[in-house]
Amino acid sequence: MTSATPSAAPLGPRGSQGAADAPASRADRIGDAALDLLVERGMRGLTHRAVDERAGLPQGSTSNHARTRQALLETAVRRQVQLESRVLTPDELPGAAGPGPADRPDAAAAHGGPDAGTGTAHAGAGAAPAQAGAGAAHPGAGTPFDADALVDALSLALHRYLTDHRALLVSRYELALEATRRPELRAFFDTAGSVFHRPLVAMTAAAGSTDPERHALSLIAWCEGLMFSCAAGSFHAAVPSRAELRTGFEELLRGMLGPGPGPGQPESGGAADGRGGRCRA
């Protein structure tokens, strides 16, 4: 089973940022081990002893850090959010004027490169790709936020989830289901997830939405449904390309922001990428 911890460069095997950075803290090691166990064994396999063994820590270490099961689950949620926040790093975010031609998925293909969205970096209770807006939620004063920037950031983050970090989605679903049975975990889970909701609302408003809260909810629901279908549902064997995801976001935003050509599309028509046989965006 694939580890729940991110593996895309520059992240190390357990979410560390590489050899140049300090070793992972004990809390991070416990959180990583907890997420791995959730993916491999489900909620029943998450015990203090099992976490110690998986993390390579002396017996009793996890109990000293998180004495109760609730505390252990909160540690797992906290680590989940940290890891999901790395799906898209701030330096990759397009500017308020939108990305250049080289950032387009079709440009990557034209130069023989991999499908855009499989590069570096990567955690997201409730709205994973919304972290894409963390560094772009406040465009320059008086400068309209190009909807292309929102489309590119969301399609990049979503494609990375579905190709490189599907185990993170499984651990999130395990934690979300447990939260439905534990009111105390529900509150913690929702608070942690709010860090992804706020940036998306801000980006949606900056892109021209007249109802950013409602439109952000629609984006989140669309992303969540697609992620579940492709990670654990009936489309788990197929993953849409980033170009397909981009087309889906364009169509969704076009309906939200009003008539006219979609983001990045000419007046003559929308982007059409082969979609046969895939989990469609």
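Visitor: What makes Asp32 and Arg79 a salt bridge?
Guide: The closest N and O atoms of Asp32 and Arg79 are 2.8 Å apart. A salt bridge needs a side-chain nitrogen of Lys or Arg within 4 Å of a carboxyl oxygen of Asp or Glu. So the pair Asp32 and Arg79 counts as a salt bridge. Asp32 lies in helix H1 (residues 26–41) and Arg79 in helix H4 (residues 69–84), so the pair ties together parts 47 residues apart in sequence. Helices here are DSSP runs (H or I, at least four residues), numbered from the N terminus.

Guide: A word on the source: this is a predicted model, where local features need pLDDT of at least 70, side-chain atom pairs count only at pLDDT 80 or more, and totals for chains, interfaces and linings use all residues. Residues are numbered from 1 along each chain as its sequence is written, and side-chain values use heavy atoms, with hydrogens and water left out.

Visitor: Why is Asp32 called buried?
Guide: Buried means under 20% relative accessible area (1.4 Å probe, protein chains only); exposed means over 50%, and partly exposed is in between. Asp32 has 0% relative accessibility, so Asp32 counts as buried. Arg79 has 2%, so Arg79 is buried too.

Visitor: How many salt bridges does a search of the whole structure find?
Guide: The search finds 14. One of them joins the side chains of Asp148 and Arg246, at 3.1 Å from N to O. Asp148 lies in helix H6 and Arg246 in helix H10 (residues 242–257), so this pair ties together parts 98 residues apart in sequence.

Visitor: Are Asp148 and Arg246 buried or exposed?
Guide: Asp148 has a relative accessible area of 7%, so Asp148 is buried. Arg246 has 5% relative accessibility, so Arg246 counts as buried as well. Salt bridges that share partners join Asp148, Asp152, Arg242, Arg246 and Glu250 into one network.

Visitor: What places Ala153 in this picture?
Guide: Ala153 is found in helix H6 (residues 147–164). Its relative accessibility is 1%, so Ala153 counts as buried.

Visitor: How do you know that the span of H10 agrees with expectation?
Guide: The expected span is 1.5 Å times one less than the number of residues. H10 has 16 residues, so H10 should span 22 Å; its end C-alpha atoms are 22 Å apart, which agrees.

Visitor: What follows H10?
Guide: Gly258, whose phi is positive, near 120°.

Terms used. Helix = DSSP H or I, 4+ residues; strand = E, 2+ residues; numbered from the N terminus.
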